[in-house]
Amino acid sequence: MDLLKQLLTVVAFGYMCYHIYTFGPGMFNVTVLVILILSTVANYFREKRESDLKANENARKARAEARHAKKHKKQ
């Protein structure tokens, strides 16, 4: 699904660039292009944050399991 979203974003960006090149940089065209760029950047940082949170959670679980195993090994 992410690949489809990225592909559609590239297609939309290319179409907007072509449209601005063909018809000129009108206020609506530039506004739509800026919104497209901002939403792409926001989506990138959201996915990066979610990935970091998931990695942090997995690391915490691994440390807890290691402490638990170490504790039971000593007994």
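Lysine 61 is partly exposed, with a relative accessible area of 46%, where buried means under 20% relative accessible area, exposed means over 50%, and partly exposed is what lies in between, computed with a 1.4 Å probe and with protein chains only. This is a predicted model, in which local features need a pLDDT of at least 70 and side-chain atom pairs count only at pLDDT 80 or more, whereas totals for chains, interfaces and linings use all residues. Residues are numbered from 1 along each chain as its sequence is written, and side-chain values use heavy atoms, with hydrogens and water left out.

**Salt bridges**

- Side chains of opposite charge can pair when their charged atoms come close.
- The count comes to 3 salt bridges, a salt bridge being a side-chain nitrogen of Lys or Arg within 4 Å of a carboxyl oxygen of Asp or Glu.
- Lysine 61 meets glutamate 57 in one of these salt bridges, at 3.5 Å from N to O, and glutamate 57 is partly exposed at a relative accessible area of 36%.
- Because lysine 61 and glutamate 57 are 4 residues apart in helix 2, they are separated by about one helical turn; helices here are DSSP runs of H or I with at least four residues, numbered from the N terminus.
- Glutamate 50 forms a salt bridge with arginine 46, with the closest N and O atoms 3.2 Å apart, and both residues lie in helix 2, 4 residues apart, which is about one turn of the helix.
- Glutamate 50 counts as partly exposed at 42% relative accessibility, and arginine 46 counts as partly exposed at 32%.
- Aspartate 52 forms a salt bridge with lysine 48, with the closest N and O atoms 3.6 Å apart, and this pair, too, lies in helix 2 with the two residues 4 apart, about one turn of the helix.
- Aspartate 52 is partly exposed, with a relative accessible area of 43%, and lysine 48 counts as partly exposed at 39% relative accessibility.

**Nonpolar surface patch**

- Phe13, Ile37, Val41, Tyr44 and Phe45 form a nonpolar patch on the surface, with about 490 Å² of accessible area together.
- Patches are made of residues with over 30% relative accessible area and no salt bridge, with like charges joined within 9 Å and nonpolar side chains (Val, Leu, Ile, Met, Phe, Trp, Tyr) joined within 5 Å; the accessible areas come from the Shrake-Rupley method with a 1.4 Å probe, and for residues only the protein chains shown count as cover.
- The largest share of the nonpolar patch, 4 residues, comes from helix 2, which spans residues 27-74.
- Phenylalanine 13 lies in helix 1 and is partly exposed, with a relative accessible area of 38%.
- Valine 41 is found in helix 2 and counts as partly exposed at 39% relative accessibility.

**Aromatic pair**

- The structure holds 1 aromatic pair, formed by tyrosine 44 and phenylalanine 45, whose ring centres are 5.2 Å apart and whose planes stand at 70°, so the pair is edge-to-face.
- Rings of Phe, Tyr and Trp (its six-membered ring) pair if their centres lie within 6.5 Å, and planes under 30 degrees apart count as stacked, over 60 as edge-to-face and the rest as tilted.

**Contacts between histidine 19 and asparagine 29**

- Histidine 19 lies in helix 1, which covers residues 2-23, while asparagine 29 lies in helix 2.
- The side chains of histidine 19 and asparagine 29 make a polar contact at 3.4 Å, a polar contact being a pair of N or O atoms within 3.5 Å in which, within protein, one must be able to donate a hydrogen and the other to accept it, and for which residues adjacent in sequence count only if both atoms are side-chain atoms.
- Asparagine 29 is buried, with a relative accessible area of 11%.
- Leaving aside neighbours within four places in sequence, asparagine 29 is in contact with Met16, His19, Ile20 and Gly24, contact meaning heavy atoms within 4.5 Å.
- Histidine 19 touches Gly24 and Asn29, not counting residues up to four places away in sequence.

**Distances between C-alpha atoms**

- Valine 41 and histidine 68 are 27 residues apart in sequence and 41 Å apart in space, C-alpha to C-alpha.
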